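Open the structure in your viewer and get ready to select residues by number. This tour goes stop by stop.

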Amino acid sequence: MRTQVGIVGAGPAGLMLSHLLHLHGIESVVLEARSQQYVEERIRAGVLEQGTADLLVETGVGERMKRDGMVHHGIELRFGGRAHRIDLSQLTGGSAVTIYAQHEVIKDLIAARLAAGGQIVFEAGDVSVHNFDSSAPTIQFRENGTATHKELTCDFIAGCDGFHGICRPTIPTDALTMYERTYPFAWLGILAEARPSSEELIYAYHDRGFALHSMRSPALTRLYLQCAPDEHSDNWPDRKIWDELQTRFATLDGWKLNQGPIVQKGITPMRSFVVEPMQFGSLFLAGDAAHIVPPTGAKGLNLAVADVRVLARALTDYYATGSRELLARYSEICLRRVWKVQRFSWWMTSMLHRFTDENAFDHRRQLAELDYVTTSRAASQSLAENYVGLPME
Ligand code: FAD
Ligand code: DHB
């Protein structure tokens with residue numbers, strides 16, 4: 001088998017890259033360890049930056065998002081029993097975010113790739129990458145769980161296989177520097193068949209910890225609460241979850257969260273991680289394979305999409321002109337955004353969670369930060385411009 005760009009992983013990074021390359025006449029093959037059904041049902045993020053939503057529309061995969069996605073012009077920060085709205089659109093000259101589930105984006109991208117004759121190999125087993133210090137790298141894999149080994153020869157490999165993938169660990173460790181921070185908490189996330197309790201997202205800071213109110217549709221609420229890092233969702237019967245959520249979202253004027261049957265429950269760990277550089281020879285890392293952000297800023301999916309925009313542009317330039325200049329600068333261009341998004345995600349996380357090692361001073365400082373960010377135009381504008389997404393370089 002031969003293609004121009006071999007892509008490992010059919011998450012947002014791998015599928016969007018394949019789609020963008022196709023629009024520029026560049027061939028790719030996507031190898032995915034899981035089944036199509038699994039990746040189309042995997043529940044993850046839900047907030048699309050303005051630029052991500054625009055890209056879906058501009059590249060012809062935004063129809064369902066335009067129909068089913070919910071455009072939000074503001075978010076609420078809730079603390080001290082009071083609600084404070086950040087008017088994203090007013091503070092950013094008209095930008096907004098769109099609430100549209102990651103697995104729906106995945107469905108739209110897979111449908112577009114298959115309709116255009118694109119090749120996605122699902123359930124690819126034992127995927128391994130080779131010779132990427134040369135100009136003829138290869139990817140070996142087994143198709144559909146069979147014992148037959150196949151080899152895909154390409155010009156370039158894109159490692160879009162997430163944090164636990166095989167591409168990053170295959171690069172010699174002395175060629176990479178890793179930066180990491182872990183947090184002393186995780187999120188317990190639920191999906192409930194309940195009408196959203198507010199038209200907008202609510203990020204709540206409470207003495208008992210952080211809570212987040214989001215949604216997926218007019219009938220489905222997505223909720224998260226800060227929990228211990230080693231927590232198991234079995235320790236959280238539905239009743240306990242609702243009680244805790246009601247407590248953390250409570251306001252002085254008696255606001256109540258709508259409840260309903262919980263149809264999904266899961267724990268999301270919290271980590272900040274960056275690898276530098278994001279490339280080695282003809283292997284390019286994109287998305288979670290190269291960096292992880294804690295979810296408080298709603299950036300993971302958006303950052304993955306930003307990386308592959310840069311990579312698609314560099315590959316397009318290479319195939320059009322033969323110049324490797326943009327390819328050589330891939331990592332440098334991506335990392336400028338990556339570190340700014342890391343800063344924002346760390347800042348939102350630090351401002352909104354209770355830390356086990358914090359003292360009374362830290363607690364008062366956090367409250368002052370929330371007070372500042374909700375009363376100063378300069379501070380709320382800084383939050384807003386990061387939340388709706390920094391411009392692409
Ligand atoms: P992924 O989506 O992880 O895609 C990688 C793909 O590679 C997967 O399909 C995987 O099956 C495949 N793969 C892995 N290994 C191999 C292999 N060896 N061979 C072939 N294929 C392989 N972000 C937020 O902003 N908000 C959230 O609420 C949020 N919740 C999350 C919940 C969970 C449980 C997780 C894991 C992440 C969450 N994120 C969230 C982060 C966000 O979903 C990711 O940043 C985003 O999915 C990154 O996209 P990606 O394409 O880089 O990686
Ligand atoms: C959602 C997830 C996030 O991490 C976030 O910051 C906002 C919303 C969500 O799943 O809807």
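This is a predicted model: local features need pLDDT of at least 70, side-chain atom pairs count only at pLDDT 80 or more; totals for chains, interfaces and linings use all residues.

Now select the strands themselves. They form an open sheet of 3 strands, in the order S13-S19-S22, and the pairing is antiparallel. Color residues 177-182 for S13 and 291-292 for S22. These are the edge strands, and each pairs on one side only. Strands in a sheet pair through backbone hydrogen bonds.

Next, select residues 271-276, strand S19. S19 is joined to S22 by 2 bridges, and the two run antiparallel. Zoom in on Val 274: opposite stands His 291 in S22.

How many cavities of 30 Å³ or more does a search of the whole structure find? The search finds 2.

Start with the largest cavity, which holds about 50 Å³ of space. Select Gly 11, Pro 12, Val 39, Arg 42, Arg 44, Gln 102 and Ile 106 to show its lining. That lining has 3 nonpolar, 2 polar and 2 charged residues.

Move to the second largest cavity, with a volume of about 30 Å³. Select Pro 12, Met 16, Leu 48, Thr 52, Leu 56, Val 105, Leu 109, Leu 301 and Val 305. Helices H1 (12-23), H3 (50-58), H6 (102-115) and H9 (300-321) each give two or more residues to this lining. Here 8 lining residues are nonpolar, 1 is polar and none is charged.

Notes
Residues are numbered from 1 along each chain as its sequence is written. Chains are lettered from A and ligands numbered from 1 in the order in which they are written. Side-chain values use heavy atoms; hydrogens and water are left out. On a 1 Å grid over the protein atoms alone, a cavity is a set of points where a 1.4 Å probe fits but cannot get out, and a pocket is an open set with protein on both sides within 12 Å along at least five of seven lines; lining residues have an atom within 4 Å of a point. Grid points are joined across faces, edges and corners, and a volume is the space filled by probe spheres set on the points. Ala, Val, Leu, Ile, Met, Phe, Trp, Tyr, Cys and Pro count as nonpolar, Asp, Glu, Lys and Arg as charged, and the others, Gly among them, as polar. Helices (H or I, at least four residues) and strands (E, at least two) are DSSP runs, numbered from the N terminus. Two strands pair if DSSP finds at least two bridges between them.
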